[in-house]
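This briefing goes through one structure by topic. Please have the sequence and the model open while reading.

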Amino acid sequence: MGQQWSGFEIATDTREAAVVVTAAGEVDMVTAARLRQALDEAQHAAGLPTVLDLSRIEFFDSSGLEVLVDVHHRARLRVVASAAVRRPLGVTGLDRVLHVYDDLDAALAG
């Protein structure tokens with residue numbers, strides 16, 4: 001992957017239809033800032049839709065939810081969600097607000 005911090009990795013890949021930001025590991029109050037930075041850079045870089053691939057996330061707390069809500073308010077964000085991400089999205093009702101997909105191919109087609 002791209003950049004790595006303790007328990008967290010993030011990478012960005014520009015494709016024909018979207019910029020894909022892929023994260024793995026844990027999103028918490030320490031790593032959420034890195035996630036926000038990568039999403040901000042992706043949105044400004046290519047002028048393409050942004051797909052956030054969280055399929056390899058094992059832990060996702062309220063700091064991550066805050067990032068998703070903030071980014072969603074500024075641009076349409078497509079999210080590929082692991083079970084660890086789907087749980088808090090479902091509890092908060094964000095799964096009905098965000099564009100959530102089961103896999104990257106579906107999100108890219110979205």
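This is a predicted model: local features need pLDDT of at least 70, side-chain atom pairs count only at pLDDT 80 or more; totals for chains, interfaces and linings use all residues.

Leaving aside its neighbours within four places in sequence, which residues is Ser-82 in contact with? They are Leu-54, Ser-55 and Ile-57.

**Ser-82**

- Ser-82 sits in the loop that runs between S5 and H3.
- Ser-82 counts as buried because its relative accessibility is 9%, and the cut-off for buried is under 20%.
- The Ser-82 side chain reaches two backbone oxygens: that of Ile-57 at 2.8 Å and that of Leu-54 at 3.4 Å.

**Helix H3**

- The buried residues in H3 are Ala-84, Val-85, Pro-88 and Leu-89.
- Viewed down the axis of H3, these buried residues fall within an arc of 130 degrees, so they line one face of the helix.
- On the face of H3 turned away from the buried side are the exposed residues Arg-87 and Val-91.
- The cover over the buried residues of H3 includes S4, H2, S5 and strand S6 (99-101).
- After H3 comes Gly-93, which has a positive phi, near 85 degrees.

**Nonpolar cores**

- The largest nonpolar core has 26 residues, and the members that touch the most others are Leu-35, Leu-39, Leu-52, Leu-54, Phe-60, Leu-68 and Leu-89.
- At least two residues of this core come from each of these strands and helices: S2 (8-14), S3 (19-27), H1 (32-46), S4 (50-60), H2 (62-74), S5 (77-81) and H3 (83-92).
- H1 gives the most to this core, namely 5 residues.
- Not counting residues up to four places away in sequence, Phe-60 touches Val-27, Leu-54, Leu-65, Leu-68, Ala-84, Val-85 and Pro-88.
- Another core, of 7 residues, lies apart from the largest one and has Ala-18, Val-51, Leu-104 and Ala-107 among its members.

**Strand S3 and its pairing**

- Of the 9 residues of S3, 8 are buried, so the strand is largely enclosed by the rest of the structure.
- S3 pairs with S2 in the antiparallel sense over 7 bridges, and these two strands form a hairpin with 4 residues between them.
- Within this pairing, Thr-12 has Val-21 in S3 as its bridge partner.
- S3 and S4 run parallel and are joined by 8 bridges; here Val-19 stands opposite Thr-50 in S4.

**Val-20**

- Where does Val-20 lie, and is it buried or exposed? Val-20 lies in strand S3 and is buried, since its relative accessible area is 1% and the cut-off for buried is under 20%.
- With residues up to four places away in sequence left out, Val-20 touches Ala-11, Thr-12, Asp-13, Arg-15, Val-51, Asp-53, Leu-104 and Leu-108.

Notes. Residues are numbered from 1 along each chain as its sequence is written. Side-chain values use heavy atoms; hydrogens and water are left out. A nonpolar core is a set of buried Ala, Val, Leu, Ile, Met, Phe, Trp, Tyr and Cys residues joined through side-chain atoms within 4.5 Å. Buried means under 20% relative accessible area, exposed over 50%, partly exposed in between (1.4 Å probe, protein chains only). Contact means heavy atoms within 4.5 Å. The arc is that of the directions from the helix axis to the C-beta atoms. A polar contact is a pair of N or O atoms within 3.5 Å; within protein, one must be able to donate a hydrogen and the other to accept it, and residues adjacent in sequence count only if both atoms are side-chain atoms. Two strands pair if DSSP finds at least two bridges between them.
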